[in-house]
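Have the structure open while you read.

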Amino acid sequence: MATASADNAVKEHPLAVTAVLSVVGYALVVGTFLGWVPGQVFPDLSLTQVNTLSDAIAAVNALNVLVIAAGWRWIRTGEVRKHAAAMVTSFTLILVFLVMYLSKIGGGGTKEFVGPAFVYYPYLAMLAIHIILSIVAVPVVLYALVLGLTHTPAELRTQTPHRRVGRIAAGSWLLSLSLGVVTYLLLNQVYGWRYVESATAALVAAPL
């Protein structure tokens with residue numbers, strides 16, 4: 001998945017680059033949830049627009065499941081270029097998801113599950129696993145990507161833990177995305193929900 005074999009700062013310090021990118025990503029998400037990110041950054045979304053974004057996010061995640069699965073299959077059959085293209089596409093979809101997700105949370109709000117107890121608790125369990133895996137997988141995914149973009153296929157096999165890290169990244173992200181799609185279906189298509197406006201959106205909408 002390398003674009004160049006020349007030594008450079010990113011290639012020499014992949015863990016440091018991964019750490020910086022991870023901190024930036026975490027800061028954006030946490031800052032949005034806590035209302036620390038300025039409200040002007042996000043669009044002022046109506047409930048209809050929040051629902052549309054929820055549908056779009058689920059579609060992107062479902063597509064990403066297929067892309068990651070294809071990339072995993074291609075590397076197992078030795079089709080390195082196809083694997084590389086799939087993984088870059090997958091990361092692009094992750095960025096698309098992140099933009100839509102932060103826009104939905106920062107400019108709109110969240111929807112809380114309303115349904116029978118026998119579904120509610122499994123829903124919470126799946127949602128918890130989805131969230132935890134999403135958080136934990138960020139540095140792993142980024143590390144695999146940084147290694148892939150800065151090393152040749154031969155270097156990846158002999159000089160880096162890319163194969164092992166990539167397997168962990170793909171597996172955890174596949175499970176996280178799949179559970180995200182399932183919880184979306186339960187929340188939006190099968191049962192009901194209660195809308196909760198985000199802190200940022202509330203501040204923007206509040207009269208001065």
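1. Tyr 26, Ile 131, Ile 132, Ile 135 and Val 136 make up a nonpolar patch on the surface, and together they have about 440 Å² of accessible area. Patch residues have over 30% relative accessible area and no salt bridge, with nonpolar side chains (Val, Leu, Ile, Met, Phe, Trp, Tyr) joined within 5 Å. Areas are Shrake-Rupley with a 1.4 Å probe, counting only the protein chains shown as cover; a salt bridge is a Lys or Arg side-chain nitrogen within 4 Å of an Asp or Glu carboxyl oxygen.

2. A caveat on the source: this is a predicted model, where local features need pLDDT of at least 70 and side-chain atom pairs pLDDT 80 or more, while totals for chains, interfaces and linings use all residues. Numbering runs from 1 along each chain as its sequence is written, and side-chain values use heavy atoms, without hydrogens or water.

3. Helix α5 (residues 117-150) gives the patch its largest share, four residues. (Helices are DSSP runs of H or I, at least four residues, numbered from the N terminus.) Ile 131 lies in α5 and counts as partly exposed because its relative accessible area is 40%, between the cut-offs for buried (under 20%) and exposed (over 50%).

4. Now to Ser 90, in helix α4 (residues 80-107). Ser 90 is buried, at 5% relative accessibility. Its side chain makes a 2.8 Å polar contact with that of Asn 64 (N or O atoms within 3.5 Å, one able to donate a hydrogen and the other to accept it; sequence-adjacent residues count only if both atoms are side-chain atoms).

Definitions and conventions. Helices (H or I, at least four residues) and strands (E, at least two) are DSSP runs, numbered from the N terminus. Buried means under 20% relative accessible area, exposed over 50%, partly exposed in between (1.4 Å probe, protein chains only). Patches are made of residues with over 30% relative accessible area and no salt bridge: like charges are joined within 9 Å, nonpolar side chains (Val, Leu, Ile, Met, Phe, Trp, Tyr) within 5 Å.
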